[in-house]
Structure formats: structure tokens, C-alpha cells
Amino acid sequence: MKCFRVVLFGLAILATTPASADETVTIAGSRAVLIRPAAPRASVILLPGGNGAIHAGDHGDIHALNGNQLVRTRNAYAARGFAVLIADYNTDLRAAVDTMAAIKRPVTVIATSRGTQRAAEGIAQGARPDALVLTSGFLSPESGASSNVMSILGSPAALPRTLVIHHREDSCKFTQPAGVEPFIRWAGGRARVSWLSGGAEEGDSCEAGGHHGFNGLDGQVVGLAAGFR
């Protein structure tokens, strides 16, 4: 229960009145959830981790992965003036970027954990966001997984300007901190890293209650991702 108290405390700090009601939209046959402020200053696309299936209902309601770091902080991005798209695992990223670009550029893709693999796959297939934020990422072979951003892209040529947000004590075997610096070197000046420390480590080390999910650090993650230029 301790991890839930920490997460709920973080959410209480971030909680604000949503800029608008969430709505369900269909992008290339996939249901996603959109939060659209009246006058957005930019757009973000959130790619959650795990299996990525948010199970969007008919009215902007999300029925899975609500504890995921990106899903649970979605209204914090809207409160900062962003149009926010919470994508499903099968959302075509190129179509999603085009959709959000029509609302307001620049468009930043923010991905966490296994969502970083989906971000790389989308970029490899032609998605061109203006910026990319990778949190708790499957970044390089040293991260611990054979499928990672480096292996999926092959070359950094298509990588947009990129911010890596990583916890120094992430103990998930697929997103080890040792994988960050090899990725930064590979990116050749296209990426930089912001390290975080502290928070709480509870439960599965690869889930939202641990350092992997930035438990207790939501405000810092949102601040870094939203402020990336």
C-alpha cells in the first residue's frame, strides 16, 4: 500500500482541473484518448509502457494502465497548455504525429519503458515528431534487452532532438542505467540525459511503483519533459 500512497500523493500535487474533457478519437483504425485545450501551445503524444493497451472507452475514459507514469500524469501536461494524445499500443505513430501537428506544433513524443521500443518502431516507419523524450528506456544493448532504440533504428539519422530521463537506481533488467551513456554516444549530439534520484521503490522493479516508474517523482518528470526544447 505504501507505493500507492506515494503515487497518490504525487498525483494530488499534480492534480488540476483538466483543460477540457477527454475524448476518444480514432487514428488509422486505433482508438486513442485526446485532451485538447482551447488554445494549445504545443502537442505531446504519450506512449505508455507495458503492453501499451489503454482500452479506451467511448468518452475519453481509459480502462487499463492507469497507474503507468505517463497515463497517470496526462492531465498535468494538459494543465501546462499541451494538447495531449494518449496512444494505444497499435496506434500508428506517423498518423498520430500528423493528427497532433494539425492541432498544434511542435509535436513531442514522450515514451516510457516498452513504449520507447514503440516510439523507435514508429520513427523507423516514417513518423517525424519534432522532439522525443525517452523515460526509463530500452535504449541500447547495455540496457539489457536485445530489442532497443538503437537496434530498431540502426542509425541515429532519423532521431529527432531527444531527451532521456532516467532514474539512477532503476533496477529493471531491461532499462539498466548502464544503457544510457552508450545511447547518448550513439546519438552523436542528438540526445542528452537528465538523471533523477529519490522517490520510492515498491513492488516489481519493472513496474510503476518502482524507480522504473518514477514513483514519487511525477512532478519532476513532467517538468523535464514539458520543458524540453
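Four salt bridges turn up when the whole structure is searched, a salt bridge being a side-chain nitrogen of Lys or Arg within 4 Å of a carboxyl oxygen of Asp or Glu. Side chains of opposite charge can pair when their charged atoms come close. Keep in mind that this is a predicted model: local features need pLDDT of at least 70, side-chain atom pairs count only at pLDDT 80 or more, and totals for chains, interfaces and linings use all residues. Residues are numbered from 1 along each chain as its sequence is written, and side-chain values use heavy atoms, with hydrogens and water left out.

**Salt bridges**

- One of the salt bridges joins the side chains of Arg74 and Asp22, at 3.7 Å from N to O. Arg74 lies in helix α3 (residues 74–79) and Asp22 in the loop between α1 (2–14) and β1 (23–27), so this pair ties together parts that are 52 residues apart in sequence. Helices (H or I, at least four residues) and strands (E, at least two) are DSSP runs, numbered from the N terminus.
- Arg74 is buried, at 14% relative accessible area, and Asp22 counts as buried too, at 18%. Here buried means under 20% relative accessible area, exposed means over 50%, and partly exposed is in between (1.4 Å probe, protein chains only).
- Asp218 pairs with Arg72 in another salt bridge, with the closest N and O atoms 2.7 Å apart. That links distant parts of the chain: Asp218 is in helix α8 (residues 218–227) and Arg72 is in helix α2 (residues 69–72), 146 residues apart. Both Asp218 and Arg72 are buried.
- Arg105 and Asp130 also meet through their side chains in a salt bridge, 2.6 Å from N to O. Arg105 sits in the loop between α4 (93–103) and β5 (107–112), and Asp130 in the loop between α5 (114–124) and β6 (131–135), so to speak two distant parts of the chain, 25 residues apart.
- Arg105 counts as partly exposed at 39% relative accessibility, and Asp130 is partly exposed with a relative accessible area of 27%.

**Helix α4**

- Leu93, Ala96, Val97 and Met100 are buried in α4. Looking down the axis of α4, its buried residues fall within an arc of 100°, so they line one face of the helix. The arc is taken from the directions from the helix axis to the C-beta atoms.
- The cover over the buried residues of α4 includes β1, β2 (30–35), β3 (42–47), β4 (82–86), β5 and α5.
- At the start of α4, a side-chain oxygen of Asp92 comes to within 3.0 Å of the backbone nitrogen of Arg94.

**Ser30 and its partners**

- Ser30 lies in strand β2 and is buried, at 2% relative accessible area.
- The side chain of Ser30 makes a polar contact of 2.8 Å with that of Asn90 and one of 3.0 Å with that of Thr91. A polar contact is a pair of N or O atoms within 3.5 Å; within protein, one must be able to donate a hydrogen and the other to accept it, and residues adjacent in sequence count only if both atoms are side-chain atoms.
- Setting aside neighbours within four places in sequence, Ser30 is in contact (heavy atoms within 4.5 Å) with Val25, Asp88, Asn90 and Thr91.

**Aromatic rings**

- The whole-structure search gives two aromatic pairs. In one of them, the ring centres of Phe138 and Phe174 are 5.7 Å apart and the planes are at 10°, so the pair is stacked. Rings of Phe, Tyr and Trp (its six-membered ring) pair if their centres lie within 6.5 Å; planes under 30 degrees apart count as stacked, over 60 as edge-to-face and the rest as tilted.
- Phe138 is buried at 5% relative accessible area, whereas Phe174 is partly exposed at 31%.
- For Phe183 and Trp186, the ring centres are 5.6 Å apart and the planes are at 35°, so that pair is tilted. Phe183 and Trp186 are three residues apart in helix α7, separated by about one helical turn, and both are buried.

**Phe82**

- Phe82 lies in strand β4 and counts as buried at 4% relative accessibility.
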